[in-house]
Structures are given as structure tokens and as C-alpha cells.
Amino acid sequence: MAGTVHVIGAGLAGLAAAVRLASRGAAVVLHEAAPQAGGRCRSYFDRQLNAVIDNGNHLVLSGNTAMREFTRVIGSEHTLTGPGRAEFAFVDLESDERWTVRLSEGRLPWWIFDRRARVPGTKWSDYLSLAPLLRAGPEATMTDAMRCPPTLYKRLIHPLFLAVLNADPAEGSAQMAGAVIRETLAAGGKACHPLIASDGLDVSFVTPALAFLDAKGAQVLMQHRVRALGYAADGSRVESIDFGDGPQALGEDDAVVLAVPPNVAASLVPGLTTPDEYRAIVNAHFQVPPPPGCPPMIGVVNGVSDWIFAFENRLSVTISGADHLLDESRESLAQRIWEEVARACRVPATPMPVWQLVREKRATFAATPAQDTRRPGTKTRWRNLMLAGDWTATGLPATIEGALRSGNRAADELRPA
Ligand SMILES: Cc1cc2nc3c(=O)[nH]c(=O)nc-3n(C[C@H](O)[C@H](O)[C@H](O)COP(=O)(O)OP(=O)(O)OC[C@H]3O[C@@H](n4cnc5c(N)ncnc54)[C@H](O)[C@@H]3O)c2cc1C
């Protein structure tokens, strides 16, 4: 691209596009409406906990290729930590049973033949029920596409895919689940090592990206909300950007990467269809050091909690597809979650530690088959306007990996032919 590329939105999609363009020597200006970058993947100081926390606990996997490449380029790969193995600890709060699923490293899933590595109460043949997801059509939900035996469903498939899709498998897209399986479970345990930004999302994904952009001479403008885009009368290109003080003309060779949430994109681009249903995520944080030997994350079965993350001085819970919890009082919900955490992690239930509850109502678009059909591609009918964001047609659910890939793709489409 000979001209300047205006990247609008400094979430991970926008940051990925800006980093890729800047590393190729393009002139980049990144415009972000908020006072800080990161979008739905950010850290902030919480007064109640007197600590920097993330807007939500984020898990990525070693098989997330765009994530690995992004953190390598911005120099933050070492900040992602994990057990170094594909290990997932679980507790069933009803029976108090505990187990750890341990995937074998290679492509051949030896672990399903090992009683100590697979889910207790399951047979190796139960796992074959996942296979139809790999060839599911666009209209099927996960539960339409597969006949999963109840124990495997309850103890692994439901908690895993509720987190992956942020939608219950009963409504979640089988095709999106299949895409995730292809790149993780089917690629072997080496692609499934859990990785956590243990010093915070900012440290792993945002601050180093901004430092990289600064070093490459890119301009980053915070609190610079785009109010409107102006389109050329001949329909060929975007010709201006309005930041609230009138249209600013773009040069013939300038381009725009629009990396904003779907509702904002729909308001800026005429005729654009985008996902318009969302699902919530609830995070609860408790200021208490994890007990010795506590796994970095624990899947919870038969509880309101889904996953418990152990940070240095905090136990933190994620609940996906959490729309049913949006109306409950903060105190009652925090109390319920804390009682589960105390049992799962075997720490005293009283007194309840200092806590914080964060409810992200529009955490992700709803990963249903119907919403998947509303995801647009990268290119638009205007030659210098590209779309990016986890909600564009990446084939993946709304994840860090999807957001980064969408940004990379937008940058690649702007390459001179
Ligand atoms: C609580 C929670 C937990 C999650 N957990 C996981 C997880 O465990 N693993 C995982 O992979 N993913 C997870 N995700 C999803 C992941 O965070 C998102 O997929 C990713 O951050 C989306 O990035 P994005 O750039 O597409 O969108 P966004 O982060 O929404 O970025 C859009 C940016 O555009 C800016 N903007 C909006 N309007 C304008 C405007 N008019 N002008 C300029 N800028 C504008 C916004 O301020 C924002 O910074 C989670 C998300 C949430 C909310």
C-alpha cells in the first residue's frame, strides 16, 4: 500500500492489522475511541481488589497459530504461561470427584485408550462421537450433529465447548466447533497446551503491540472515535473519515481497516450485514492466594461456575453463555460462586474474601448457525475498505485467534498486487 492505512479500533483485530502493516513498512494511523487499547481483551486497575485485573480471564492454546505469531513478533511470547502439557483438571461438585484429562502429544489420540488420561466413566469409543463435527453443515448445532454419550458430554464436551463458543452446545454452531477441533484436539495434545496471560492481558497482547507500533513510526490516537465514513460518488472507495469535526479527505492511495464491533461497523458501512445477537460472560474475582498445588485452571461440573483460574493472589471464575445470570444481584451471585470456589479449591469458605464481579453483557456474538451466516468477509465493495474483527467470517468462534487472523487478513488484502 503506497498511501496511509487508517486502522479504526485498537482491539486485537486492529492491533494485528496495524502490526502486520507497520512491519511491512506501511504508514499506519491507529484510531481508538476508548482511552486505552485492547477492546474486549484489556487489563485495568480495580479499586475494590486494589489490583490490576483483566476484563475477563482469557485462555489461549498452543495450537493458536496467529496468536503465537503475533506474540512472537511483538516480543511477548514468554509472558504466556501454562503447565507445558495438554492437561485439564476437573471437579464434579455433586460427587466431589476430581480428575485430570491428559492428552497425548501426537496426532494419534492414545490418551483416549488410557483410563487414567480420559474422563472417568467414559469408554474410548465414546470419543468417536466428536467425529461428525468435522464434517458438519452450516445449519447444524453441536447437539444436532453429534450423539455424545451423557457422561462424556457432561464432564468434558459441555464445559469445553461452552467456553470455546461462549454458547451452549445445544445452540452453538457445529461447524465452528469442528473448525476448533481440527486445529486443536485433532492436531494432538501439542496443539492443546493451555496458555494464560498470567501477568495480565495488557502485558501479553496490548502494551508490547503498542511499543512495536511506536518503534515502527506508526501513529496511535486514543479517544479518537470515528463518527462517519464518506464514500465516493462513483462507489469505488472511501474518500473521507469524520472524527466529529467534519470529513477529513483521504488520499487516492489511502485505505481503511475497520476493526470495530459489529454494531459500530453496521452504523458506518451502508448495507452491511453483521451478527446482531450476543452472549454474556461473567467473571468473579476473589482476593485469596491459591492453595499449594492448585492447578492453573479447573473445570467445574455441576456448578454455576465453569472454569476457575489460579492467579498469584487471586482465584478467578469464568462463566460463559451467562445471560441467565445478568439479573441476579451481585452479592447473591458472588456468594454462590465463592461457595463453589471454596469447595473446588479446598479453601475455607468463611470469611468470604474481597471480591469483584464483572458482567460483560455483549462479550461475544452468539456462535449459532444463524449468526454465522451474518458474518461478512474481509473485502467490501469499496476497494480501499477492509473489515476486521472476531465477528467477521473467520470460520472460528469469537476468540483472540479469530480476531488476530481477521486483522492479518485485512492487512494482506491491502498488499499491492
Ligand atoms: C469476558 C471475555 C472473556 C473472553 N475469553 C476469551 C478466551 O478465554 N479466549 C479467547 O480466545 N477469547 C476470549 N474472549 C474473546 C476475545 O476477547 C475477543 O474475541 C477479542 O478481544 C475481540 O477483538 P476485536 O478486535 O475483534 O474486537 P474488540 O476488542 O471489540 O475491538 C474493537 C475496538 O474498536 C473500538 N471502537 C469502537 N467503536 C469505535 C469507533 N467508532 N472509532 C474508533 N474505535 C472504535 C473499541 O473501543 C475497541 O477497542 C473473551 C471476551 C470477553 C469479553
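This is a predicted model: local features need pLDDT of at least 70, side-chain atom pairs count only at pLDDT 80 or more; totals for chains, interfaces and linings use all residues.

Residues are numbered from 1 along each chain as its sequence is written, and side-chain values use heavy atoms, with hydrogens and water left out.

**Exercise 1. Find which domains the assignment gives, and how far apart their centres lie.**

Step 1: The assignment, which is automatic or from a database, gives domain 1 (5-45 + 201-275 + 368-413) and domain 2 (87-192).
Step 2: Their C-alpha centres are 34 Å apart.
Step 3: Now look for contacts, meaning heavy atoms within 4.5 Å. Nine residues of domain 1 are in contact with 14 residues of domain 2.

**Exercise 2. Describe how helices α1 and α6 pack.**

Step 1: Locate the helices, which are DSSP runs (H or I, at least four residues) numbered from the N terminus. Helix α1 covers residues 12-23 and helix α6 covers residues 201-215.
Step 2: Take the axes, lines fitted to C-alpha atoms over the stretch in contact, with angles from 0 to 180 degrees between N-to-C directions. The angle is about 30°, and the axes are 10 Å apart.
Step 3: Therefore α1 is roughly parallel to α6 (a term for angles under 35 degrees).
Step 4: List the contact residues. Among them are Leu 12, Leu 15 and Ala 18 of α1, and Phe 205, Val 206 and Ala 209 of α6.

**Exercise 3. Is helix α5 largely enclosed or open?**

Step 1: Count the buried residues (under 20% relative accessible area, 1.4 Å probe, protein chains only). In α5 (residues 174-183), seven of the 10 residues are buried, so this helix is largely enclosed by the rest of the structure.
Step 2: Name them: Ala 174, Met 176, Ala 177, Gly 178, Ala 179, Val 180 and Ile 181.
Step 3: Look at what covers these residues. The cover includes helices α3 (142-145), α4 and α9 (369-372), together with β19 (355-365), a strand (a DSSP run of E, at least two residues).

**Exercise 4. Work out the surroundings of Gln 371.**

Step 1: Find its contacts. Leaving aside neighbours within four places in sequence, Gln 371 is in contact with Pro 275, Asp 276, Glu 277, Phe 365 and Ala 366.
Step 2: Compare sequence and space. Gln 371 and Thr 274 are 97 residues apart in sequence, and their C-alpha atoms are 8.2 Å apart.

Definitions and conventions:
Angles under 35 degrees count as roughly parallel, over 145 as roughly antiparallel, 65 to 115 as roughly perpendicular and the rest as oblique. Buried means under 20% relative accessible area, exposed over 50%, partly exposed in between (1.4 Å probe, protein chains only).
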